[in-house]
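Hi,

Here is the structure I promised to pass on.

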Amino acid sequence: MMYGWSGWGMWLIGPLMMVAIVWLVVWLVRDTAGSTAQAKSPPASRGVLEERFARGEINQDEYVERLATLERR
């Protein structure tokens, strides 16, 4: 008589499938969260520099010099 998934096969395959599903979900969430966070927002220091230049607090020479310093880091 064949028991199919209700016999010993389910005892072994069931937990392995659950571990594989959990691993896949964790991998997808970490990969998706990392790539979207880096792609959408510029570094905070560059944003502050752009705002100061837009408000006229610093001139173009200062902006270019400080931007070059930030990009070297």
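At the start of H3, a side-chain oxygen of Asn59 sits within 3.2 Å of the backbone nitrogen of Asp61. Helices here are DSSP runs of H or I with at least four residues, and strands are runs of E with at least two, numbered from the N terminus. Bear in mind that this is a predicted model, where local features need pLDDT of at least 70, side-chain atom pairs count only at pLDDT 80 or more, and totals for chains, interfaces and linings use all residues. Residues are numbered from 1 along each chain as its sequence is written, and side-chain values use heavy atoms, with hydrogens and water left out.

As for the overall layout, the chain has three helices and zero strands, in the order α-α-α. Of its 73 residues, 8% count as buried (under 20% relative accessible area, 1.4 Å probe, protein chains only).

Now the helix pair. The axes (lines fitted to C-alpha atoms over the stretch in contact, with angles from 0 to 180 degrees between N-to-C directions) of H2, residues 44-55, and H3, residues 60-72, come within 10 Å and cross at roughly 175°. H2 and H3 are therefore roughly antiparallel (over 145 degrees).

Finally, H2 is followed by Gly56, which has a positive phi near 85°.

Cheers

Key: Parallel < 35°, antiparallel > 145°, perpendicular 65-115°, else oblique. Polar contact = N/O pair within 3.5 Å; in protein donor to acceptor, adjacent residues only side chain to side chain. Buried < 20%, exposed > 50% of the residue type's maximum accessible area, 1.4 Å probe, protein only.
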